[in-house]
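Student: Could you take me through one part of this structure closely, namely its salt bridges and the helices that carry them? I should like one connected account.

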Amino acid sequence: MLNYLHSQWYRTVRRKYLYIALAAALALGALYLYLVRAAIGDRPIGLESGVEEIVSLTPYVGFYAILLINDGAFSDERRLGTFKNDISFGFSRETLYFGKLISCLVFCVLGMILLAVPVLGMGVLILGVRDWEIFGIQMELFGRTVLAAFPLWLCGAAAANALSCVLRKSVFVVMSYIAAFNLGNLMLRLMARLEPVWEKIRTHFPMGLLDDLSNGMLLEDGRFMARCWVMGLLFTAVFVAAGYFGFRRAEVK
């Protein structure tokens with residue numbers, strides 16, 4: 001496993017797609033901040049005045065950034081025949097799948113850090129901070145939001161890795177990822193209009209938890225953090241198991 005991880009990490013850090021994905025995400029963050037700066041003109045404003053919006057968007061941004069990072073790091077595995085070559089070198093499918101899963105988690109976490117720190121830094125430089133005490137309180141809320149969203153992001157990483165191992169084309173991975181979470185959430189919303197119990201069920205699924213987290217449930221319910229971790233880890237295990245069994249049966253080319 002260690003030999004495979006070393007080879008996987010070596011290949012990943014040399015892929016240009018990963019850096020293109022990170023650069024694109026940073027560029028979008030910088031563009032958003034400059035548009036805010038342009039909209040307010042010369043009026044004094046501090047980053048703390050917009051942190052609430054950042055906190056509400058963070059759960060969703062992180063969830064889809066996971067997909068972007070995974071796709072940038074591993075999208076060419078099947079196109080280049082990497083799986084087939086690794087199997088010919090004697091690596092088992094278990095090693096390939098779980099090694100890729102570990103690599104996915106490592107690079108997604110590192111990628112999120114590499115995105116969050118520069119974007120917040122650019123926010124301080126572009127918008128400034130007028131009240132550091134308020135900013136500190138809001139950064140504490142931001143940290144708690146990230147902590148609550150983290151197991152849900154793990155769930156997303158496990159799903160992205162499972163799809164990458166089973167599906168051959170990157171576009172199918174992206175479409176399946178979006179459909180699995182967003183269409184499922186939409187269906188539960190529609191069913192909740194007919195029977196209210198479905199709304200309660202929806203709030204235990206990843207996208208429902210992200211919706212509640214974005215809407216400030218973390219401040220209203222002291223048990224919400226625990227629910228995010230329990231359900232996030234549960235769905236992570238489900239996607240890991242489903243991806244593993246799917247990969248064992250998939251034809252490797």
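Tutor: Please keep in mind that this is a predicted model. A search of the whole structure finds three salt bridges. As a general principle, side chains of opposite charge can pair when their charged atoms come close.

Let us begin with Arg189 and Asp211, which form a salt bridge whose closest N and O atoms are 3.0 Å apart. Arg189 belongs to helix 7 (residues 170-194) and Asp211 to helix 9 (residues 206-214), so this pair ties together parts that are 22 residues apart in sequence. The two partners may also be described by their accessibility. Arg189 counts as partly exposed because its relative accessibility is 38%, a value that lies between the limits of 20% and 50%. Asp211 counts as buried because its relative accessibility is 7%, which is under 20%.

Asp211 has another partner: it forms a salt bridge with Arg202, where the closest N and O atoms are 2.9 Å apart. Both Asp211 and Arg202 are buried, and the relative accessible area of Arg202 is 3%.

Arg202 in turn meets Glu199 in a salt bridge, with 2.8 Å from N to O. Arg202 and Glu199 both lie in helix 8 (residues 197-202), three residues apart, which is about one turn of the helix. Glu199 is partly exposed, with a relative accessible area of 31%. Through shared partners, the salt bridges join Arg189, Glu199, Arg202 and Asp211 into one network.

We may now turn to helix 7, the helix that holds Arg189. At 1.5 Å a residue, its 25 residues should span 36 Å, and its end C-alpha atoms are 36 Å apart, so the two values agree.

Finally, consider a residue in another helix. Ala149 is found in helix 6 (residues 132-166), and it is buried, with a relative accessible area of 0%. Leaving aside its neighbours within four places in sequence, Ala149 is in contact with Pro59 and Leu213. Ala149 and Cys228 are 79 residues apart in sequence, while their C-alpha atoms are 7.1 Å apart in space.

How values were computed:
Residues are numbered from 1 along each chain as its sequence is written. This is a predicted model: local features need pLDDT of at least 70, side-chain atom pairs count only at pLDDT 80 or more; totals for chains, interfaces and linings use all residues. Side-chain values use heavy atoms; hydrogens and water are left out. A salt bridge is a side-chain nitrogen of Lys or Arg within 4 Å of a carboxyl oxygen of Asp or Glu. Helices (H or I, at least four residues) and strands (E, at least two) are DSSP runs, numbered from the N terminus. Buried means under 20% relative accessible area, exposed over 50%, partly exposed in between (1.4 Å probe, protein chains only). The expected span of a helix is 1.5 Å times one less than its number of residues. Contact means heavy atoms within 4.5 Å.
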